[in-house]
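Thanks for making the time this morning.

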Amino acid sequence: MIPAIVVVGSLNMDFVVSVDRLPVPGETVLGRDFQMIPGGKGANQACAAGKLGAGSVAVRLIGRVGYDVFADHLKASLAAAGVDVSAVHAAKSQPTGVALIWVDRRGQNSIVVASGANYALAAADVEAMRKVFRGASLALFQLETPLDTVAAALRLAREEGLLTMLDPAPAQPLPAELLARVDILTPNENEALMLLGRPPARVSRDQAPELAAALRELGVRGVVLKLGDQGSYYCGDTGSFHTPAFPVEVRDSTAAGDTFNAALAVALAEGQPIERALLFANAAAAISVTRLGAQASAPTRAEVDQF
């Protein structure tokens with residue numbers, strides 16, 4: 001029986017517009033290409049894991065959508081990537097979540113999310129999720145669903161013996177009791193600084209060891225600090241080390257972190273050592289930034305192995 005990953009998180013339809021530069025407040029800029037692409041951090045990670053773990057890891061997604069055409073499209077896209085969407089239910093009270101995304105010529109983006117049905121995934125629903133967690137080896141979480149739901153689902157995952165991984169995005173302060181249930185925390189620079197109550201700043205590779213160690217002091221077992229084009233830095237019980245990024249031309253950074261998390265989860269679920277898992281995750285993220293869109297940018301396993 002192959003190992004399984006459970007993803008608890010959001011599903012959104014992304015409306016993506018290419019622009020020369022991102023607008024400042026009060027400004028209108030003319031866009032070029034428009035695409036409607038399946039997204040949402042939970043769905044992005046599940047989709048990428050489905051592509052990367054095809055044949056070696058099963059992927060199950062827990063989430064909420066509305067009763068609308070976007071819901072059908074999102075679920076069909078995930079199923080095509082090999083994701084079990086039987087625990088993605090429709091909420092009558094809210095429409096499917098959407099994200100409005102602008103991407104400039106350098107691949108940088110600006111995003112506004114209307115959560116919709118994602119916030120109908122309630123803490124009271126968590127106990128009914130137990131059968132989805134049962135028998136899985138790793139659970140992956142983000143913060144586009146209610147925080148009390150994330151906390152309850154983390155507790156359930158721990159009770160069922162799963163390794164827990166939290167991508168603390170969008171950035172926000174988190175309570176100590178939630179962090180204490182996290183085995184691997186995977187923040188980017190701004191998310192790490194937010195958790196530590198520090199102002200936003202560019203984090204250099206030399207600063208990564210101190211930052212990762214400070215995050216571990218919050219109660220998490222291990223930290224993978226995502227440093228963009230500087231790669232990633234790991235700090236955990238087995239030691240600490242830096243993994244360099246692969247140099248590529250960036251087209252769109254949307255969902256690069258989601259692809260990284262998915263690849264890391266797949267590799268760990270397969271039993272790969274953390275050093276190899278992070279190399280795999282960096283490679284998958286590097287491929288994703290050369291492509292436009294969220295789920296559309298996630299590579300297959302064959303593409304990553306060849307890369």
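This is a predicted model: local features need pLDDT of at least 70, side-chain atom pairs count only at pLDDT 80 or more; totals for chains, interfaces and linings use all residues.

Let me begin with Gly 55, which counts as exposed because its relative accessibility is 72%, where buried means under 20% relative accessible area, exposed means over 50%, and partly exposed is whatever lies in between, with a 1.4 Å probe and protein chains only. You will find Gly 55 in the loop between α1 and β4 (58–65), and here, as throughout, helices (H or I, at least four residues) and strands (E, at least two) are DSSP runs numbered from the N terminus.

Residues are numbered from 1 along each chain as its sequence is written, and side-chain values use heavy atoms, with hydrogens and water left out.

Now to a residue at the other end of the accessibility scale. Leu 179, in helix α5, counts as buried because its relative accessibility is 3%. If we set aside residues up to four places away in sequence, Leu 179 touches Leu 174, Leu 185, Leu 218, Gly 219 and Val 220, contact meaning heavy atoms within 4.5 Å. One of these, Leu 218, is 39 residues from Leu 179 in sequence, and the two C-alpha atoms are 7.0 Å apart in space.

Two further residues fall in the partly exposed class. Ser 115 has a relative accessible area of 22% and is therefore partly exposed; it sits in the loop between β7 (109–114) and α3 (130–133), and beyond its neighbours within four places in sequence it is in contact with Asn 12, Gly 97 and Glu 144. Arg 216, in helix α7 (residues 208–216), is also partly exposed, at 25%, and, with residues up to four places away again not counted, Arg 216 touches Arg 221, Gly 222, Val 223, Cys 235, Gly 236 and Asp 237.

There is one backbone detail to point out. Most peptide bonds are trans. The bond from Ala 169 to Pro 170, however, is cis, with omega near 0 degrees, and Pro 170 lies in the loop between β9 (163–166) and α5 (176–179).

Let me turn to the rings. How many aromatic pairs does the count come to? There are four, under a rule in which rings of Phe, Tyr and Trp (its six-membered ring) pair if their centres lie within 6.5 Å, and planes under 30 degrees apart count as stacked, over 60 as edge-to-face and the rest as tilted. Phe 15 and Phe 34 form a stacked pair, at 6.1 Å centre to centre with 15 degrees between the planes. That pair links distant parts of the chain, since Phe 15 belongs to strand β2 (residues 12–19) and Phe 34 to strand β3 (residues 31–39), 19 residues apart. Tyr 234 and Phe 241, by contrast, form a tilted pair, with centres 5.4 Å apart and planes at 45 degrees, and both Tyr 234 and Phe 241 are buried. Ring pairs also join Phe 15, Phe 34 and Phe 70 into a cluster.

Finally, helix packing. The axes of helix α1 (residues 41–52) and helix α8 (residues 256–269) come within 8 Å and cross at roughly 50 degrees, the axes being lines fitted to C-alpha atoms over the stretch in contact, with angles from 0 to 180 degrees between N-to-C directions. The two helices are therefore oblique to each other, given that angles under 35 degrees count as roughly parallel, over 145 as roughly antiparallel, 65 to 115 as roughly perpendicular and the rest as oblique. On the α1 side the contact includes Lys 41 and Leu 52, and on the α8 side it includes Asp 258 and Val 266.

Helix α8 also meets helix α9 (residues 274–288), the axes coming within 8 Å and crossing at roughly 150 degrees, and these two are therefore roughly antiparallel. Among the residues that meet are Phe 260 and Leu 264 in α8, and Leu 278 and Phe 280 in α9.

That is where I will stop, and I am happy to take questions.
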